[in-house]
Amino acid sequence: MTKSIKMWLLGIFSLCFLLPVKALQPQDSIRFSLLTCAPGSEIYALFGHTALRYQNFSDQTDLVFNYGMFSFNTPHFVFRFVKGETDYQLGITPYPYFESEYALRGSSVYEQELNLTPAEKWKLLSLLEENYRPENRVYRYNYFYDNCTTRARDQIERSIDGTVVYPEGKEGKTFRSIVHEFTAGSSWDELGIDLCLGAEADKPIDSRLQMFAPFYMRDFAAQAYILQPDGSRRPLVVKETKIVDVVPEEAAPSFPLSPMLCASCFLALLVLVAWWQWRIGRIWWGWDLLLFGLQGLAGCIITFLFFFSVHPTVGSNWMLILFNPLPLLLLPWGIRGVVKGKKDWFYRANCVYLTLFIMIIPFSPQEFNLTVLPLALGLLVNSVSHVLVLKKRYK
């Protein structure tokens, strides 16, 4: 056998030997992807969801690491949620179950394959496994600063040998403005959130803070690149695929009237009641009991959030001026004057107070939901009617 033939056969033998060995290298069969799920109809699903998909083709593993797991059955869940002490945890779900859940819910899922080196893939897997240990998997959830999206992003960044560089954030975005993008079709949910968020939610935020929202994270990841220690660059995402493509389910019928329409009807009713009280020269103290009672109860919730909740941004809420417990404390004094037919300064002071609140709305650092205006005007009309009725009575 000639030397050239021997070398040729040796090359063929080596190639046949090396190919299976290379195929057996586990890092070559691993893929990580960033999953972004479309919003659902429930309030906790209005903003979408983020998870990480891990695939190992050598052993047919296909799992989803999900930092958004929680249970409504947790003891004192509602109280802990209001106080901002909600605990979420990392869960692991077989991908087929994850896909079925979102398909049945009517939420599409987008997959962005991450452009990681074999060493980075193993490091990311190690980080996720470490996070999944019983002593590590539970974390204190914070909607804006530490949620399912930011947790996934942070683990990806920790696994990379280099720096992830994201594009510039969208100019003028705030926490509140991004929340409004996803609550546009849920006006009552939007009102409830707006009543709780304070002025801090209206400060401009950079690209990193904008990534609290899953679809913002998806857009930033698509344009991001990895700056490696040697100065070279590679894109963070190899490709994007829509792996669950479904038609969104129809939202369950909600209250047919919008908050603004209800608030406007409330204002119209108070104008009518004020006119009638002025005409008959008598004040319905039961009506005051209802109005100021509701205002005070709403104020108790806002006050609790302001002083005791650890939710981000609620401690700077200017709504505390309108909704606070003072009406409950001062109401007996005001009712006493109405029942005895005496002049008092309760309603006069309230007129000045509410007028000043309405006047500062355009100049405050906080963006108020427009529904607040007819609510405040209604309360002002009620107090003005008391002043006019008492003035008419003692002419």
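Q: Is Glu240 buried or exposed, or something in between?
A: Glu240 is partly exposed, at 35% relative accessibility. Buried means under 20% relative accessible area, exposed means over 50%, and partly exposed is in between, with a 1.4 Å probe and protein chains only. This is a predicted model, where local features need pLDDT of at least 70, side-chain atom pairs count only at pLDDT 80 or more, and totals for chains, interfaces and linings use all residues. Residues are numbered from 1 along each chain as its sequence is written, and side-chain values use heavy atoms, leaving out hydrogens and water.

Q: What does Glu240 pair with?
A: Arg218, in a salt bridge. The closest N and O atoms are 2.5 Å apart. A salt bridge here is a side-chain nitrogen of Lys or Arg within 4 Å of a carboxyl oxygen of Asp or Glu.

Q: Which elements does that pair tie together?
A: Arg218 lies in helix α9 (residues 214-223) and Glu240 in strand β10 (residues 237-244), so the pair links parts 22 residues apart in sequence. Helices (H or I, at least four residues) and strands (E, at least two) are DSSP runs, numbered from the N terminus.

Q: And Arg218, buried or exposed?
A: Buried, with a relative accessible area of 16%.

Q: How many salt bridges are there by this rule?
A: The count comes to 15. One of them joins Glu111 to Arg53, with the closest N and O atoms 2.9 Å apart. Glu111 is in strand β5 (residues 109-114) and Arg53 in strand β2 (residues 49-56), so this pair ties together parts 58 residues apart in sequence. Glu111 is buried at 8%, and Arg53 is buried at 8%.

Q: Which residues are linked in a network?
A: Arg153, Asp154, Glu157 and Arg208. Within it, Arg153 bridges to Asp154, the closest N and O atoms being 3.0 Å apart. Arg153 is buried at 6%, while Asp154 is partly exposed at 26%.

Q: On to the sheet. What is the strand order?
A: β7-β8-β9, an open sheet of 3 strands with antiparallel pairing. Two strands pair if DSSP finds at least two bridges between them.

Q: Which strands stand at the edges?
A: β7 (163-165) and β9 (233-235). Each has a single partner strand, so one side of each has no neighbour in the sheet.

Q: How many bridges join β8 to β9?
A: 3, with β8 covering residues 225-227. Among the partners, Tyr225 is bridged to Pro235 in β9.
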